[in-house]
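I set out these entries to record what I looked up in the model, in the order in which I took up each topic.

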Amino acid sequence: MIPSEHELETLICETQAETCGLDTTMPDDYAHLLDILDKAIKQQHDHTLAMLKDDS
């Protein structure tokens, strides 16, 4: 199941907000959040490309 564009945007914003200061206080959690953010951004990119392809 691919999350909706809104769900991806919410996940990206929430993850970015939670990373503030974690790189020094909780480096393992910070790395995990960056992985989540990376996956969400890639899914959002793929979703956007699919939408653009459908419009052609």
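How many residues has α3, and how far does α3 reach from its first C-alpha to its last? I find that α3 has 29 residues and reaches 42 Å, close to the 42 Å expected at 1.5 Å a residue. The expected span of a helix is 1.5 Å times one less than its number of residues.

**Entry: basis of the model**

I note that this is a predicted model, in which local features need pLDDT of at least 70 and side-chain atom pairs count only at pLDDT 80 or more, while totals for chains, interfaces and linings use all residues. Residues are numbered from 1 along each chain as its sequence is written, and side-chain values use heavy atoms, with hydrogens and water left out.

I looked up the confidence next: pLDDT is the predictor's confidence in each residue, from 0 to 100. The mean pLDDT of the chain is 81, and 91% of its residues reach 70 or more. Among the elements of the chain, α3 has the highest mean pLDDT (87) and α1 the lowest (77).

**Entry: the chain as a whole**

I counted three helices and zero strands in the chain. Helices (H or I, at least four residues) and strands (E, at least two) are DSSP runs, numbered from the N terminus. Along the sequence the pattern reads α-α-α. The radius of gyration of the chain is 14 Å, well over the 10 Å that the globule rule gives for 56 residues, so the chain is more spread out than a compact globule. This radius is taken over C-alpha atoms, and the globule rule is 2.2 Å times the number of residues to the power 0.38. I also recorded the span of the C-alpha trace along its principal axes, about 45 × 20 × 15 Å.

Of the 56 residues, 16% count as buried. Buried means under 20% relative accessible area, exposed over 50%, and partly exposed in between (1.4 Å probe, protein chains only).

**Entry: helix α1**

I checked the length of α1 (residues 5-18): its 14 residues should span 20 Å at 1.5 Å a residue, and its end C-alpha atoms are 20 Å apart, which agrees. L8, I12 and T15 are buried in α1. Seen down the axis of α1, its buried residues fall within an arc of 75 degrees, so they line one face of the helix. The arc is that of the directions from the helix axis to the C-beta atoms. On the other side of α1, H6 and A17 are exposed. The cover of the buried residues of α1 includes α3.

**Entry: helix α3 and its cover**

I list L33, L37, A40 and Q44 as the buried residues of α3. Their cover includes α1 and α2 (22-25).

Which residues does Q44 touch, not counting those up to four places away in sequence? I find E5, L8, E9 and I12, where contact means heavy atoms within 4.5 Å. Q44 lies in α3 (residues 27-55) and counts as buried because its relative accessible area is 16%.

I took L8 of α1 as a reference; L8 is buried, with a relative accessible area of 1%. From K42 to L8 I find 9.8 Å, C-alpha to C-alpha, at 34 residues apart in sequence. K42 is in α3 and is partly exposed, with a relative accessible area of 49%.

Last, I looked up T10 in α1, which is partly exposed at a relative accessible area of 30%. The C-alpha atoms of T10 and A40 are separated by 9.8 Å and are 30 residues apart along the chain.
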